[in-house]
Amino acid sequence: MTTRFDNALGVIFGLAAALIVLTLSSARMHATVEQNSALELAYAEATSAASAYARGGPSVVTAAHETAASTSRLRIATLPDRQLVGAWPGTEGSRPLTVAEKGLFDRAERMAAQGRSRLDATAPDRSVRVSAMLPAGSPPGIAEVELQTPAGGNARLWTFLLITSALAASFIASRMPAIAGTQASRQSALFSIGATAVGGILAGFASLSRLGHWQTEKAADVETGLEGLASAYNVTLERTNIISEPLAGARFDVWLAVFLAAAIAAFFAFGIGRRIWETLKTHRTAYAYAAPAVIGALVLVFFPFLYGVAISFTDTTLVNQTDPFVERWTGISNYLSILGDTDLFRRGEAGLSINYQSFWWTLFVTILWTVTNVTLGVSIGLGLALLLNTPGLAGRGIYRVLLILPWAVPNYITALVWKGMFHPQFGVINQGVQLFGFQPVSWFDSFGSAFLTGLAANVWLSFPFMMVVSLGALQSVSKDMYEAARLEGASAWRRFVDITLPSVQPALVPAVILSVVWTFNMFNVIYLVSNGEPAGANEILITEAYKIGFEQYRYGYSAAYSVVIFAILLAYGVFQVRATRATEQV
Amino acid sequence: MKPLLLSLLALIMVGCSAPSPDEFVIWHGYRGAERAALEEVLALYNEQTDGPPVRALAVPFDAYADKLSAALPRGRGPDLFVFGHDRLGGWVEGSDAIDPIGFYLSEADKERFLPNMLEAMTYRGQVYGLPLNFKSIALIRNTALAPEAPLDTHDLVSMAEDLTDPDRNQFGLAYEFANPDMHAALMNGFGGGVFDDAGTVALNRPENVAAFDLLLQWQNEASILLPEPTGALVLSVFNTGKTPFVISGPWFLSEVAPEIEVGISPLPDIVEAGGAPIQPWIFIEGIFVTRTSRDPQRAFEIAQFITSETGQTVMAEMGRQLPAATAVWEQSSISEDPVAAGFRAQMEQGAPMPNIPELALFWSPADVAMDQVLRSGRAPTDALAEAQTKMTAAIDALREQDR
Amino acid sequence: MAGEKEGRHIWIHAILILACIAALYPVLWVAALALSGRQEPALSDLPEDPGALDRLRAMAPVPDQWSLSNFTGLFAELPMGQWIFNSVIISVATTIVGVIMACTAAYAFSRFSFPGRRTGMMMFLVSQMYPATLMMIPLYIIIEEWLGLGDHFLGLVLVYSVTAIPFCVWMLKGYFDTIPAEIEESALMDGASPGRIFVSIVLPLARPALVVTALFSFMTAWNEFILALIFLDEEASYTAPVGLRFLVSDYAAQYGYFAAGSIIVAIPVCALFFALQKFLVSGLTAGGVKG
């Protein structure tokens, strides 16, 4: 196959991408503009009906605006006596609201309490609902118009899009062997991706400007219609929502589509799809063995992770969490603000002091916390395991069970016991300190001593796990090699370094890496023992992320914090795995 | 091995029972007497009415809010739930999951609760729940050590000083003073507080500085305070007669050793604030109906029943709650109970805790400020100014999108 | 020779006994509280000018009064038996599911060479790096809304297994790596199928590592509390850690009951470990050749 053919393919990709982009953005655009004009018209209807009612018009008000009226509905209700005073279609006179109409009452109450004159809502079935307060002079209440927007047009667009992409996909599939495999294919693959991206971007700009034009026209139409209504009923209309900014959503779609099209093009152009299939076939035994665990991890760990990553690029908080995703999007500003928190020192009346709330201080504490904990935990665990592994030692079973107790007892209560043991007045630690003639220590008053409290508790909690892992790992040490080394007169230390460590390393290294990860994110102990005292100096990153998310309701920022934690750990993990692999090869 | 595995599998499958469709579920965080009382009330309701019964689910209080926050916005919550009013604003704004009940309320309903109760259930002008009971902290004393309640802070300090001897582990006053929740009582008492009348954060007011100064004086000069207090420790010192005074709520009493005779009185007047009383935050528990309830109207009727005079009498007598309904207080068994009367008197001079979500942004900066002042000796003015800045920034971050 | 060994053992015993005391001391405080019949920790009553003996007495975790009322009260007030039973079911199921999934995966990663092997191992490691507290809501969405397994032990078992898998896979893979491949190769020569070799040769050899992973999976499920609380909507299906949380709230905490409950909850773990530990020390056969 020739390069020319492949380049032609690239152009086709480009055209396809442009089509996709055009379709997507115009679908979104039309939907938004239709919706907004529907809202405006419904509001106009509601206000005119409200003013007709206030001027003592007929008790049953017919809808003023008939063009979209095929499925529209109007209701007027008053608050104090809970009466439905008008409705269309239908001829009901004044009667008390039913429970089914409670929503009407709730919205009226809400608007009255908040002094709003207008309330919009979009229902999932594509209908819009607009409520307007009854004007002054009438009893407080609302006029509400609900209208169905026709759904046909967009469905057609989606079908078109589906057919286009299906055609493109089948074409690509049929050309797959030709796309990959030849020398020239890499160049032409790049070409086709480039064409895709350029085509998509051009199409995007074109469609945005075309739609922008269309939007302006539509806005003008609605404006004229509204003015007509206003003069007919002699009311002043409140303009709050006139078809503004629907471009934001469409713009997001355009970029998403360009990106997806280029990604799909790349996927096939480099022959990745075919190669994946080949690989799967060749190594099917291995994949079958690994599949359950991998799939489980993908579903239950990676979806939550992606969810977190997505949220981290938004400013999602408690109050805006139901808004559309695009409107919450803020790019990398969360990350900039976290990493830019470089205010490490604070100038106070007592000179320069450390700002304990700074991200970098917290990071420093977290690293210090992790390093000290893991070092102590692993040394103690491995040391005890070595002792317990002494051949012929009496009472090993008893020791082993006693030594895992810190792991077995729920850590909530033992953490509280540790906190109690460090109490300056009643704690046993200070009793011990005084027993040896020292002054009692206020453990939680300074950073260093408060850090020690957490460290002591956490090492105590974590060494049994390392001990059990080491015990398991020690079983792979060959006894023969020990004997040989002993006969050659190697010292105990040399035997440990030359035989024991290399043998336990494969099983111990993952445990160490994982315990670094777990300690880095050890929420409970910090929270229960030192709780970040004094003045937040002993917070670690995870407790900080928790506070931002669950106490300050800033979900986006908290997710970004978590992603930063993740990135730090990832960097560590990659480094550590590389380093151990290097030693393995020696 | 195989039958064992199969039976295990069967157990896993059975370990879940699909909730019956004809059942109303109410979640609560109660245990012990309160739980028994609620179940009694529900049994009464089920007896008196036809139709689907109500079933209660007790959730450990510790993570009750987390469970609600996960379930409510996704429509997986119960029909009704019992919770304090302090998180109402957050739930209304965050999930729209609580059904407003103004539609059902009659004028008589609005009259039947103690003052401030229904207001606490109101957010942005709409009523969301029926008040069930209130909780307040008050001065709890061991009458063997302190026969009379102190009337003002000078009384309190001088009585406490007499009974303080750190060498013998005795402290005149034991309460979780470093807890911002508790400290708010002093701030309110001085006329300060977290928010000003317009609802904006105003931590750096001179009144709040004065509240800190008083606490510092108690801690450092009078040295009457139990150091590093935790709930368990406060209970321990009180039960062993090592302190005459504790500041805590009705929940504290259920664990007091039977041999100790307890007196409840309102927190004393602050001499330093010209005799204004200490004003603790009042915490009001209500029953809320969820929007996803299978029948919100019926759910509301259930809430009406639980908060009715009959229901609240059971909750008060059996569950030792402080009822929110006025009628229950007209019964002598409640109004003449010295404990209930003591807390009621305190409630009258307290201030309901704010129910706006902004309050949640207070804890973290306040914790730091308290630590800085009480442990590191930072000047209250500075610490409060810093807390003010941080809390304002946190509110701006929360409200950014709203404007 | 024998005398020298004895002498060394005395030192080992001394260190181990010290370590046991350190490990036990806080637990003994829990036990002392549980056995005191009270709900709050006892306070030492030091005399005016405390001497060393008084201080030592204050440091001894011995209740000043003995009573089993915390244990009896706990069982009378809460359906602890049911909850512990639920916990056992969930934890055992988690252990079985987790270890099976981990074994096969670890075997593939250790013995086969295939594209994505490194990435796969790295993926397991990476999956532990995202803070768990923030996965609560997405997990809720998956389990409750997508899989419809809320209030269902199966949902919890799946989540717990997957939580435990990364450690198990890494641990087992590391251990499988130390088992010489020659043993399997000779079995393959004898005509055994790969599946058969895995089950009857590799797994028995890896018993110590299997015990460690099983214990780990069990503990993951046994102590978890927040997800169980959020998923389970029926008191009869609560697990023991969820039930125990009833005893410690912001208000009225009953630490005595909680301590008693904690001791009870620790017993099955200790029993399990005691039963498993004989497998912990018999791994590679003495004749196994180190590769």
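Chain A has 21 helices and eight strands, where helices (H or I, at least four residues) and strands (E, at least two) are DSSP runs numbered from the N terminus. This is a predicted model, in which local features need pLDDT of at least 70, side-chain atom pairs count only at pLDDT 80 or more, and totals for chains, interfaces and linings use all residues. Residues are numbered from 1 along each chain as its sequence is written, while chains are lettered from A and ligands numbered from 1 in the order in which they are written.

Of the 586 residues in chain A, 44% are buried. A residue is buried if 20 or more other C-beta atoms, placed from the backbone, lie within 10 Å of its own.

**The sheet**

Six strands of chain A form an open sheet with antiparallel pairing and the order 3-2-1-6-5-4. Two strands pair if DSSP finds at least two bridges between them. Strand 3 (95-96) and strand 4 (118-122) of chain A are at the edges and have a single partner strand each, so one side of each lacks a neighbour in the sheet.

| Strands of chain A | Sense | Bridges |
|---|---|---|
| Strand 1 (residues 73-78) and strand 6 (residues 141-148) | antiparallel | six bridges |
| Strand 1 and strand 2 (residues 83-88) | antiparallel | five bridges |

Within strand 6 of chain A, A:Ala143 is the bridge partner of A:Ile76, and A:Ile142 stands opposite A:Ala77. On the side of strand 2 of chain A, A:Arg75 has A:Ala87 as its bridge partner. Strands 1 and 2 of chain A form a hairpin with four residues between them, and A:Arg82 in the turn has a positive phi of about 55°. Five of the six residues of strand 1 of chain A are buried, so that this strand is mostly covered.

Helix 20 of chain A is largely enclosed by the rest of the structure, because nine of its eleven residues are buried. Among them are A:Leu541, A:Tyr546 and A:Gly549. After this helix comes A:Tyr553, with a positive phi near 60°.

In chain A, 30 residues are in contact with 32 residues of chain B; contact requires that the C-beta atoms of two residues, placed from the backbone, lie within 7 Å. Helix 2 (102-114) and helix 20 (541-551) of chain A each supply at least two residues of the side that touches chain B. Helix 2 of chain A gives the most to this side, with seven residues.

Note on methods:
A residue is buried if 20 or more other C-beta atoms lie within 10 Å of its own, exposed if 12 or fewer, and partly exposed in between; C-beta atoms are placed from the backbone.
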